Each structure stands twice: as structure tokens, then as C-alpha cells.
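Please look over the model shown here before reading on.

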Amino acid sequence: MLRDILSGKSGIDPGQLANAAGLPNDPASVAALMQQLQGAMNSKGTGVDWQIALTQGEQRAANGQLTATDEQQTQLRQAFHIAALWLDDVISVAELTVEPRLMTRREWVTATMPLWTQLAEPVATSISDSLTRVFAEQVPEEMQGMVANASQLVRSIGGTLFAMQLGQVVGQLASEVVSGGDVGIPLLGEQQAALLPQNVADFGAGLDVPADQVQIYLAVREIAHARLFRHARWLRLHLTSAVTAYARGISIDSSRLEELAGNFDPSNPEDLRQAMVDGSLIQQKSESQISALSRLETMLALVEGWVDVVTARASIRLPKADAIAETVKRRRASGGPAESAFATLVGLELRPRRLREAAAMWQAVTDAVGSEARDALWSHPDLLPTEQDIDDPQQLIMRLTSAARGEPEVLDDVDQALEDLLRDDGAERPHEE
């Protein structure tokens, strides 16, 4: 069927195939889809060609892209400068040594795609494996000799469709984000802060707030995010490893895939398209995934909560800071269409659910022990607040205030038992010798 479509011998409308894959159904997009699928059929590779995702993303982001005027660039660079100065007063985190950037939407796609593909690759592999397995199981016995070559074809085409979908999602996301750290995870290189002038202007367009206040507030958030990841050098790897570990556990529901294959009507691909959109092809989370997701959400909430608290303190000079902050919270709670599409495609929500509780904890810690002791908690993963600390910050605050007074650490039952065991073991060694 695919060979007939690509050779023009089939009566199936290629636009319907684009719809089923969740791709735009316009002449240019359909032509690009056909070209990519023809390339996939001739491909000898075994992995996903992520260059397809990059190309799709850059093309999608370039649609409607505007270049910042000289005046906008000057204003935003000034906003970065003010943000850095204000943050110096409220955080104990070193300054950035890399100059903040102003990015177009297309430049944002180019800079962030390596991490997006890293997050998506486990899911793409699972989809390709499932497609190949279902295909092999459904092939009639008399055609088994052809399965090896055909399976490679199915794998290549499946990977190509997935890469094109990812590119479309990231390209659309480029029109929604305002900065490098807008989605919580560190998408840009180490120490790199960035704003997207066009999206910053769109963000402020519906607010009754002066443009310079919006620019400074968003610059404060972005600089704070970048400086945190510079200060806690372990955090980037820790967070991205947690995301990819979760993604590797994602698997495709082969029975659902078989059902779709058995009932597939090429002239009416709505069922297939709906399965791609609603995420029903991804199996339910395992217990280990649920546990991993809980840890990941806690980490994301701690990062975003800290950024919220220090941004609120640093931007206190802005008369309309509260109004901008509320808009950020509403926007973050709902997410954008591209973010929802990524969650469906990869099976991962990027917005932490416990953000408000984490921010309240960081504020309580700040009030109790100050910014220096608060920020010292990021120096090592073992010092970072836990989910229990978010639930009840008082125990954490008691430990920090006791340490500030120079009092010995109060050990819990497990730590005390370990301490007693080590003390006893050390006392017996000289006697044994």
C-alpha cells in the first residue's frame, strides 16, 4: 500500500496519510511527507533519522517568525542587565559567565532539538519495535521469507513519521515559549540564558502592563533558572537522566496497535489519527515508572518553586510584578497546545503538579534561615529537600536552624542506629587486634 501511495498508483489521498500522522495537510507539507517516506523506504539505517525532526521543526518555527527590532534588542539586553543586578541581592548563586542570548523561534528549535530527541528516542524505538513485531506476527505464512526486508521498511517508515511529528511539535512549541528555561528542564547549553523577543512581546500583548516591566520580569526568571543550573552542576545531568530513565520504561500497547491495523480503512484514517492524539497507543505506567515520575515531578517542582520565590523577591521593585506572576502561573497551569502534544507523543508531562507547595516550602525556608542557607541546599543532591519536606517544611527548617546555631544534628531512628553501629564497630577493632 505504501509503495503504491509513493509511486502515485494508489487511490488513497496522501493528505489523509498526513492527517493520520498528525501532520499538516497542505500541499507543501504533504509533498515533504512523501519525500521523507520515499527516503525512508530506501534507507539502509536502523535508527531514527533525527535530522528530519530538526528540519521539520525549523520549517514550522520559521512560519510567522519575526526578527526583533534594534529597539527591542536594546530593551531586552538592558532587561538582562537589570535582572542580574537584582538577583545578586536575593540569591547566593554565582553569576553567569556566558552572555544571555536573544533568539528567534527557529534558533530556539536548533538549539534545543538535541535534548528533545534525547527525551523522545526511547519512545521512538519502542514504537518501531512494536510496529515491526506486529507486522511480523500478522504476515501470512507463505510470505514469511519477505519479512526481514519488509520489517526494515516498516521500522524506517515508523521512525520517519515519529521524527516528523516531533519536529512539528517542537516547531509549534517555539511559538509558545518565552525563554530557554520556560518548560523547566535545561534545554540550552550550560549557563546559557535566552529570551525569544517575538514571544515575549506576544506574552505581554494581552496584559495591562508596561512592556519594560514584562521584559525585566521574564529576564529575572530566565537568569535565575540559568544561574541555578550553573550553581548546582550535578542538577542538569540528574534531571535529564531522570527524564530519559522514565522514557525508557514507556512501551507501546501491541494489542491496540493490532486492533488499529486490523480495522484500518485508508480512506478514513480518523481512528489512527485519534490514537496518535490521545496517547492510547502508550501502555499504562508501571509501578517503577510511577515511582520514577514522582521523583521527577518533585525535582521539577523544587526547581520551578525556587525560581518563583527568588523571582518574586528580585522583582519587588516592579509595580506590576504580581500581575505578571499570576499570568505566568495561569499559563504554566494550562500549558500550550504544543506542550500537550509533546506529552501525548512521549507520554510525559513537563509541568510539575506540586509547584505551589514547593514554592511555599522555599519561602518558609528563606524566611527562617535566609537565602545563603537556602541556596546551600542545592550544593549536593543528598541535601535537597524531599517530597516529605514539601509536605511539611517544619522538620527541614528545624534542621537548618539548629545547624545555623551550631547545634549537633538531630538524627532520626535509622541514622542513629547506623551511628551506634559504626561507633561500636570502631571501638571493638583495637581489642580484636
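## N63, an exposed loop residue

N63 has a relative accessible area of 56% and is therefore exposed, the cut-off for that class being over 50%. In this predicted model, N63 sits in the loop that joins α4 (51-62) to α5 (70-88).

Its C-alpha atom lies 9.5 Å from that of S175, although N63 and S175 are 112 residues apart in sequence.

## Buried positions

L166 belongs to helix α7, which covers residues 147-173. Its relative accessible area is 0%, so L166 is buried. Between L166 and L54 there are 112 residues of sequence separation, and the C-alpha to C-alpha distance is 8.7 Å.

T132 is part of helix α6 (residues 105-138). T132 counts as buried because its relative accessibility is 15%, and the limit for buried is under 20%. The C-alpha atom of T132 is separated by 9.0 Å from that of L153, a residue 21 positions away along the chain.

Q191 is found in the loop between α7 and β2 (194-195). With a relative accessibility of 10%, Q191 also falls under the 20% limit and so counts as buried. The phi angle of Q191 is near 70°, which is a positive value in a residue other than glycine.

## The chain as a whole

The secondary structure consists of 19 helices and two strands. Of the 433 residues in the chain, 46% are buried.

Among contacts with a sequence separation of 6 or more, 83% are between residues 24 or more positions apart.

## Nonpolar cores

The largest nonpolar core contains 101 residues, and W108, W116, W306 and W378 have the most contacts inside it. Helix α13 (residues 287-314) is the greatest contributor to this core, giving 12 residues.

Leaving aside residues up to four places away in sequence, W306 touches I91, V93, A224, L228, W362, R374, D375 and W378. Another core, of five residues, lies apart from the largest one; V134, L257, L260 and L281 are among its members.

## Helices α9 and α10

Helix α9 (residues 211-231) and helix α10 (residues 233-248) have axes that come within 4 Å and cross at roughly 100°. Angles of 65 to 115 degrees count as roughly perpendicular, and α9 is therefore roughly perpendicular to α10.

On the α9 side, the contact is made by L228, F229, R230 and H231. The α10 side supplies R233, L235, R236 and L239. Sorted by class, the residues in this contact are four nonpolar, one polar and three charged. L228 takes part in this helix contact and is also one of the residues that W306 touches.

Methods
Residues numbered from 1 in each chain as written. Predicted model: local features only at pLDDT ≥ 70, side-chain atom pairs only at ≥ 80, totals over all residues. Heavy atoms only, no water. Axes fitted to C-alpha atoms, helices over the stretch in contact; angles between N-to-C directions. Parallel < 35°, antiparallel > 145°, perpendicular 65-115°, else oblique. Contact = heavy atoms within 4.5 Å. Nonpolar A, V, L, I, M, F, W, Y, C, P; charged D, E, K, R; others polar. Buried < 20%, exposed > 50% of the residue type's maximum accessible area, 1.4 Å probe, protein only. Core = buried A, V, L, I, M, F, W, Y, C linked by side-chain atoms within 4.5 Å.
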